[in-house]
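Open the structure in your viewer and keep the selection tool ready. We will go stop by stop.

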Amino acid sequence: MKKVLFTVLAGIVLAMPMNAQFLRGLAEKAIEKKMQEKTTPKQAVEPADNSENTDYITEELQAIVNPEYDTEDSATPMTISSISDVLNKRPALPTVNDLLSPDAKKAYAYKGALAWEQGAMNYRASSQSRYIELQNKILAAGNKQRQQQTRQQNFINEASAKGLMPSQQEIMQALVASGYDLEKITPEQSINVIAGAYSKKWNIPEADVKQFLTLVQSDDRKAEAFLAQKHPDLYKKLAGNAPNSSEFMDVDTKENEYGKLGGQISDLAEEARVLKENMMDMMKHVNYVSSLGNFHVADLPTNKLEDLYTQIADGWKSSSECKQVIQIETGLQERLNSWEPCVESNMGKDIPFPSWWTQGRKQENAVIATWNKQNAQKWLTAVAEYDGQLRALYERLEVLDKQLEQVRSGDAETFAYLDAKMQVYIAEQLLLDYYSMFTVALGFPCAVPQEETKYMTCETYGKG
């Protein structure tokens with residue numbers, strides 16, 4: 001018997017879940033389009049200075065600085081070419097001690113975080129070409145599938161007219177009469193209903209039809225042998241009317257497995273979207289906060305980290321630690337006014353500031369470090385919370401993607417496979433915040449420590 005007859009029957013059973021999958025794919029493409037829409041940054045405004053002390057040193061100490069460091073050509077990007085690489089090559093988030101000064105942040109970034117983040121961003125950029133390739137493959141597979149469905153439908157109409165199989169109307173009547181919700185009907189329920197219709201048309205037991213249809217989906221040769229042995233007259237009749245073209249209909253025997261995995265990946269993408277939109281949008285933080293320095297952004301939608309950033313930055317000026325540091329610095333400044341290093345014997349020399357000045361600066365930095373540690377811990381706790389949620393989703397995506405490839409096992413890229421793979425891409429795009437977590441963590445608005453060693457260059461005789 002021609003293989004094509006069995007593929008036609010299998011196509012009838014698989015048609016309904018396939019159509020539901022296609023509609024889901026369209027919905028997710030709409031999500032992706034929405035996800036790619038850009039927002040226009042709002043203008044940054046300089047915060048009002050409520051300080052009555054206008055001394056330049058006091059102003060410096062009152063300012064929270066989110067220091068920038070040169071990242072150009074500073075690290076060779078890691079090679080990241082898969083979801084597994086994104087997860088497995090990623091260094092640990094910084095500790096509190098890594099955030100206490102610009103130098104500490106820079107040292108941490110250059111130990112591997114910067115190389116990983118640059119590699120991850122390169123992987124993100126390459127995903128655009130993979131997405132376009134995937135879109136083209138889906139378009140081609142969809143066109144081929146529609147052509148095959150047309151040929152299949154023509155055959156079904158001809159076979160129904162000859163009495164070889166139930167008409168589409170008869171099958172739909174059986175489905176409606178079954179009482180199943182046709183939008184949620186499972187493949188197993190479809191087989192039960194269709195088997196009843198074929199049993200009446202072929203005049204053979206319904207159990208034999210179920211077994212035959214089940215075999216059709218997994219091994220058409222076994223299906224053919226089963227029908228030839230159990231119902232030889234029916235077999236001969238069907239064989240004599242089967243189409244000749246071996247390209248009549250390609251049946252994807254793994255379609256249900258692809259559909260289940262694609263559904264799980266789609267659900268994961270929705271979780272990522274909800275997390276991103278309703279809890280914290282970290283890319284907003286990266287775009288609007290990490291480059292602000294001493295400025296704040298007015299009237300922006302906020303999230304947990306955005307609120308915490310503002311709370312920490314605004315809190316420094318009114319903190320007891322800031323007031324204590326200013327008090328120490330004011331005393332040092334008063335003593336410096338009486339310090340006269342540039343006596344005649346020191347002309348042309350670089351004279352270090354007095355030891356009492358160095359000790360005073362160390363006291364300031366101890367106070368600054370205490371404040372920074374307390375707030376860095378708050379910051380890292382919030383960063384780690386979001387990072388952990390993102391990583392959990394990413395790890396689940398890795399597992400599902402591997403399962404998808406295991407099901408395929410190198411076979412042809414069918415429409416159902418490509419549709420499920422598209423869900424992987426969409427989920428990845430909704431998890432892009434994970435790539436920027438180091439930038440976010442290093443965006444902690446630390447109070448910058450004061451220099452503890454300084455020299456006076458005596459170029460002229462006189463008071464320093």
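**A tour of the predicted model**

Select Lys-254 to begin. Beyond its neighbours within four places in sequence, Lys-254 contacts Val-407, Arg-408, Ser-409 and Asp-411. This model is predicted. Is Lys-254 buried or exposed? Lys-254 is buried, because its relative accessible area is 16% and the cut-off for buried is under 20%.

Next, select helix H12 (residues 304-318) and helix H14 (residues 355-408). Their axes lie 10 Å apart, at an angle of about 175°. Angles over 145 degrees count as roughly antiparallel, so H12 and H14 are roughly antiparallel to each other. Show side chains at the contact. H12 brings residues including Leu-305, Leu-308, Ile-312 and Trp-316. From H14, look for Trp-371, Trp-379, Ala-382 and Val-383, among others. By class, this contact has ten nonpolar, three polar and three charged residues.

Cys-322 is buried, at a relative accessible area of 1%. Cys-446 is buried as well, at 0% relative accessibility. How many disulfides does the structure hold? The count is zero.

Finally, colour by pLDDT. The chain average is 77, and 75% of the residues score at least 70. Select residues 10-57: pLDDT stays under 50 there, and the model has 79 contacts for this stretch beyond four places in sequence. Then select residues 292-301. Here, too, pLDDT is below 50, with 25 contacts in the model beyond near neighbours in sequence.

Note on methods. Residues are numbered from 1 along each chain as its sequence is written. This is a predicted model: local features need pLDDT of at least 70, side-chain atom pairs count only at pLDDT 80 or more; totals for chains, interfaces and linings use all residues. Side-chain values use heavy atoms; hydrogens and water are left out. A disulfide is a pair of cysteine sulfur atoms within 2.5 Å. Buried means under 20% relative accessible area, exposed over 50%, partly exposed in between (1.4 Å probe, protein chains only). pLDDT is the predictor's confidence in each residue, from 0 to 100. Contact means heavy atoms within 4.5 Å. Axes are lines fitted to C-alpha atoms, for helices over the stretch in contact, and angles run from 0 to 180 degrees between N-to-C directions. Helices (H or I, at least four residues) and strands (E, at least two) are DSSP runs, numbered from the N terminus. Angles under 35 degrees count as roughly parallel, over 145 as roughly antiparallel, 65 to 115 as roughly perpendicular and the rest as oblique. Ala, Val, Leu, Ile, Met, Phe, Trp, Tyr, Cys and Pro count as nonpolar, Asp, Glu, Lys and Arg as charged, and the others, Gly among them, as polar.
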